[in-house]
Amino acid sequence: MKVNCLSCGHALDLRDAYDEYDGQVKCFACGALLAIRTRDGQVKWVELAGSHPSESRPEFQPTS
Ligand SMILES: [Zn+2]
């Protein structure tokens, strides 16, 4: 399973241990902290969790 880093776009290769995971992973390319949630080997949610709030780029914008 892969998760694209929201900060640098690097594809993080997560092990099978992350098939059911809700927590944080650190991008080893740029060091950004990502909050991720996965179920059944699928990434359900990814968000920057950390140290660079000014660089935050939410994936989903409200459409109201
Ligand atoms: Zn990164």
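What follows is a walk through this protein, from its overall makeup to one glycine.

The model is predicted. Its secondary structure comes to 5 strands and 0 helices. Along the sequence the pattern reads β-β-β-β-β. The protein has 64 residues, and 12% of them are buried. Now take the contacts between residues at least 6 apart in sequence. Of these, 26% join residues at least 24 apart.

Next, the sheet. Three strands form an open sheet in the order β3-β4-β5, and their pairing is antiparallel. The edges belong to β3 (21–26) and β5 (42–48). Each of these two has a single partner strand, so one side of each lacks a neighbour in the sheet. From one strand to the next, the twist averages 25 degrees.

Look at how β3 meets β4. Strand β4 covers residues 33–39 and runs antiparallel to β3, with 6 bridges joining the two.

G50 sits in the segment after β5.

Which residues does G50 touch, leaving aside its neighbours within four places in sequence? G50 is in contact with A32 and L33. L33 is 17 residues away from G50 in sequence, yet the two C-alpha atoms are 5.1 Å apart in space. L33 also belongs to β4, which spans residues 33–39.

How values were computed: Residues are numbered from 1 along each chain as its sequence is written. This is a predicted model: local features need pLDDT of at least 70, side-chain atom pairs count only at pLDDT 80 or more; totals for chains, interfaces and linings use all residues. Two strands pair if DSSP finds at least two bridges between them. Helices (H or I, at least four residues) and strands (E, at least two) are DSSP runs, numbered from the N terminus. Axes are lines fitted to C-alpha atoms, for helices over the stretch in contact, and angles run from 0 to 180 degrees between N-to-C directions. A residue is buried if 20 or more other C-beta atoms lie within 10 Å of its own, exposed if 12 or fewer, and partly exposed in between; C-beta atoms are placed from the backbone. Two residues are in contact if their C-beta atoms, placed from the backbone, lie within 7 Å.
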